[in-house]
Amino acid sequence: MRIEDLGKLDGQVLLFGGIYSNLQALTALWARADRLNIPESQRICTGDIAAYCADAGACVAFVMDARSPVLKGNCEEQLASGALDCGCGFDEGSTCSLLSVRWYEAAQAQMTDAMRKYMAGLPDRMIFEHAGKRYVTIHGGAGDISRFLWTVTPDAVLREEIATLRGQVGDFDAVVAGHSGLPFERQVDGVHWINAGAIGMPAHDLSAKTHFAVLTDGRLAFHRLTYDAAKAQARMIELGLTQGYHSTLLSGVWPSEDTLPTELRHCDIG
């Protein structure tokens, strides 16, 4: 396991994940961070640079050039190794699993050897100090990079995750996670569990706007990102990525609720 210590971070810290090959969202986020005067060294990504959308190669090239802290997600792990699937943790034969075949193939086709080397070298954990608190960044779960953890996940499950993480990196005050694509925060036994959401795909909430978060003086605030979703959709159509996620970019509705816990499903909005 590779653990990267980012040291003490002062001022605002941008937390985001799930770029998902959405170049329009990524460039919009960078413009927003520039306006907030957040340095690139404090723009922390929880992984999954390349996934559903059209511009996997351009997004990887962008973050490589930016040199911002990026965690290894399951998509980076799989693409770096040349694996045959995304390793997202979808149930075999599920709609999400079937839909992943085409976008993963498209992302794999855009990777260069330099990109695979970059992704293979990304850290599995990042730690940093901010406003007197110690944070640890993970992708999915502490023992499973593709584990889905939600706002409705039982406290007992998060306690197990926290215990596993402490065995890996020592004590901490907060966790910054990704993978699930939905923003939320929880408090479990004094630990602040944060998921900043995804910038590259809406959160199944009837809005084309996506999500990121900012730490300021130890306080967390969630933000919505507006970007040229129509252009991102057009790029997907141009590449033939029309299995459903192209519609999500504008409708804000996922093409499947397979991964969601029952409590978070709302089929009537589809």
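This is a predicted model: local features need pLDDT of at least 70, side-chain atom pairs count only at pLDDT 80 or more; totals for chains, interfaces and linings use all residues.
Local features require pLDDT of at least 70, side-chain atom pairs count only at pLDDT 80 or more, and totals for chains, interfaces and linings use all residues. Residues are numbered from 1 along each chain as its sequence is written, and side-chain values use heavy atoms, with hydrogens and water left out.

Helices (H or I, at least four residues) and strands (E, at least two) are DSSP runs, numbered from the N terminus. Two strands pair if DSSP finds at least two bridges between them. Axes are lines fitted to C-alpha atoms, for helices over the stretch in contact, and angles run from 0 to 180 degrees between N-to-C directions.

An open sheet of six strands has mixed pairing. Its order is S1-S4-S5-S6-S8-S7. Strand S1 (3-8) and strand S7 (184-188) form the edges. Each has a single partner strand, so one side of each lacks a neighbour in the sheet. Neighbouring strands are turned by 20° against each other on average, direction ignored. S1 pairs with strand S4 (residues 125-130) in the parallel sense, over four bridges. Ile 3 has Arg 125 in S4 as its bridge partner. Helix H6 (residues 155-169) packs on this sheet. H6 touches S1, S4, strand S5 (133-137), strand S6 (174-177), S7 and strand S8 (191-195). The direction of H6 makes about 80° with that of S7. Contact here means heavy atoms within 4.5 Å.

A further open sheet has four strands, in the order S3-S2-S9-S10. Its pairing is mixed. The edge strands, strand S3 (43-45) and strand S10 (219-225), each pair on one side only. The twist averages 25° from one strand to the next. Strand S2 (residues 13-16) and strand S9 (residues 210-216) pair in the antiparallel sense over three bridges. Leu 215 in S9 stands opposite Val 13. Helix H1 (residues 23-35) lies across S2, S3, S9 and S10. H1 runs at about 130° to S10.

H1 also packs against helix H2 (residues 56-66), at an angle of about 25° and with the axes 9 Å apart. The two helices are therefore roughly parallel (angles under 35 degrees; over 145 is roughly antiparallel, 65 to 115 roughly perpendicular, the rest oblique). H1 passes H2 in a left-handed crossing, meaning that the near helix is turned anticlockwise from the far one by less than a right angle. Leu 23, Leu 26, Thr 27 and Trp 30 of H1 meet Ala 58, Cys 59, Phe 62, Val 63 and Ala 66 of H2.

H2 packs on helix H5 (residues 113-120) as well, at about 60° and with the axes 11 Å apart. That angle makes H2 oblique to H5. Their crossing is left-handed. H2 contributes Gly 57, Val 60, Ala 61, Val 63 and Met 64 to the contact, and H5 contributes Ala 114, Met 115, Tyr 118 and Met 119.

Eight aromatic pairs are found in the whole structure. Rings of Phe, Tyr and Trp (its six-membered ring) pair if their centres lie within 6.5 Å. Planes under 30 degrees apart count as stacked, over 60 as edge-to-face and the rest as tilted. Tyr 52 and Tyr 245 form a tilted pair, 4.3 Å centre to centre with 45° between the planes. Tyr 52 lies in the loop between S3 and H2, and Tyr 245 lies in helix H8 (residues 245-251), so the pair ties together parts that are 193 residues apart in sequence.
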